[in-house]
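Please read it with the model open beside the text.

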Amino acid sequence: MLPAVIALAATFGYPLIEVARFSFYAGSIQQPVYIGTGNYLELWHDPVFIHSVLNNLKLLTAVPIMTVLAIGIALAINAGYRRMKVYQAIVFLPYVLPATAIGLTFSYLLSQSGIVNTVLHDWHLGGLAHDWLGSAHWAIPTIGAVIIWQQLGFGVVVLTAALLSVPQELVEAARIDGASGWRIQWYILIPHIRRIIWLFVMIEAITMLSAVFTYVFVLTQAGPAYSSSVMEYYIYQNGFQEGAVGLASAAAVVLLGVASVFIVVYLRLRSRSEQAAG
Amino acid sequence: MKPILARTSSHLLLILLSIVSLYPLWFVVQTALKTNSAFTLNPTGLPSAPTLSNLSLLMAQMPFVRWTVNSTLVTFIAVGAATILSVFAAYAVVFGKFFGRRAFFSMNIGLMAIPPVALVVPLFTVMVQLRLINTLPSVMLIYTGLLIPFSVFFLGNFFRQLPRELIEAATVDGASHGRILMRIVMPLPLPTVFTLVIVNAIWVWNELLYALVFLQNNSARTLMAGLALSQGRFATNEPLIMTGVLLSILPMVVLYLASQRFFIRGMTAGIGK
């Protein structure tokens, strides 16, 4: 076990301490200058950082959309039963694929003269065409949609598995009592998988806050003019393009702070469901 | 009447969903089979004269083979190292008797949720000091570390289901922990180890941020970093990029089709038990 502990200390422990320390310094790594909370003040006054945080929060709104879709699809698969496996396999496939490759593909599908807009014009729906990735207004919602496209399958598979574990007698009893299909789904199936739904919501919320760098990098490069930047991109940009290591570290600390709220909720949900499982 | 209606509509929904899920992949395939001029004339339709010419163009224009070799090496080494370290750690957590093993296990669950981007700046300075920037060992080491929390969690949960009596009986018979691990524990969970290896391999193969930051020479890059940075240079040649994308996802798709069960079980493990 010792080697694993050493590896964890080197990969997580030491960097977490260092990132907190760097966040109080300016200048280069070789010649750091202590500036107290200067970096945090700079973040607060940097419109790009504020905008990046807001974009992460906007991406959070994709979570309820994805959750509702995943519940609906899981219920449909659950009702269909026979071909269930096929649909599950298809919808899960995107989740397996590299976000880089997905992003490159969608950057062509969604560009100004891309496939989506071409098809919209062909169908005389040109009014619906937008510069999906190139406009400050549409870039973040479009990134959110691509993330939903890729990660929806994860939710569907998890929730379908949870639905399978609902005791069949419960459903039968309700049916004998005369409950209709919709009522069974609403009052029996969904409450029964509530805990798994919440775990899914938390995992996706953590993702939206702290694991969307690849999508942003490949789809928009945070453009136009940083309008689609997120916290991760801000850290990358300042740490490795601008050489503002202290500022990047302070942003990383803020990111950890925001994410940890969700991480703590996630951990509590986990330990509770473990206790329930015995 | 009503159930039939519900059944049909949910079926239609699922078919629509399948089309939405698969169309972008179909777009990749059909675009990779077109020349650039054919694509410009007809971006949405089927290729009228399918061609493999993009393949040689890709090899000529980018160090594509080198990137693939790099990605493969990094994936094998990081996943191998992380799996071995985690097997020992998970065994110790579940069957060992020492103070703090529960805390160690819980810590791994917490670390699973730490965003890797928060660690990238300090790890970069470490790698600068070790003079490993632009070399594959830099990312191999970091990926190994980043994979451990999930691996310990996954294997620990599995080991917990093994009958304790088996292990205790062996201990009474005087077998050492090393022997028990090799003879009794290890042979059992091969499908489990396979599942873990697949999930970890996908993660490493797909990782972008660390690959971009630590491997800055064009020939030192991994496939994902190389492709992501080619986007700008070859922006006007979509079939070329789509060919690169197709080749980069092909191993995943083939593996997925062959062993879907393992993928699904592994990739949803974080949420279940």
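This is a predicted model: local features need pLDDT of at least 70, side-chain atom pairs count only at pLDDT 80 or more; totals for chains, interfaces and linings use all residues.

1. Residues are numbered from 1 along each chain as its sequence is written, chains are lettered from A and ligands numbered from 1 in the order in which they are written, and side-chain values use heavy atoms, with hydrogens and water left out.

2. Over all chains, the structure holds two salt bridges, the term being used for a side-chain nitrogen of Lys or Arg within 4 Å of a carboxyl oxygen of Asp or Glu. One of them joins the side chains of Glu18(A) and Arg21(A), at 3.0 Å from N to O. Both residues belong to helix H1 (residues 2–22) of chain A, where they are three residues apart, or about one turn of the helix; helices (H or I, at least four residues) and strands (E, at least two) are DSSP runs numbered from the N terminus.

3. Glu18(A) is buried, at a relative accessible area of 10%, whereas Arg21(A) is partly exposed, at 38%. Here buried means under 20% relative accessible area, exposed means over 50%, and partly exposed lies in between, with a 1.4 Å probe and protein chains only.

4. A salt bridge also links the side chains of Glu172(A) and Arg175(A), at 3.4 Å from N to O. These two are about one helical turn from each other because they stand three residues apart in helix H9 (residues 168–176) of chain A. Glu172(A) is partly exposed at 36% relative accessibility, and Arg175(A) is partly exposed as well, at 46%.

5. Turning to chain B, its secondary structure consists of 14 helices and zero strands. Its radius of gyration is 23 Å, whereas a compact globule of 273 residues would have one near 19 Å; the radius is taken over C-alpha atoms, and the globule rule is 2.2 Å times the number of residues to the power 0.38. Along the principal axes, the C-alpha atoms of chain B fill a box of roughly 75 × 70 × 30 Å.

6. Of the 273 residues of chain B, 54% count as buried. Among its contacts (heavy atoms within 4.5 Å) between residues at least 6 apart in sequence, 74% join residues at least 24 apart.
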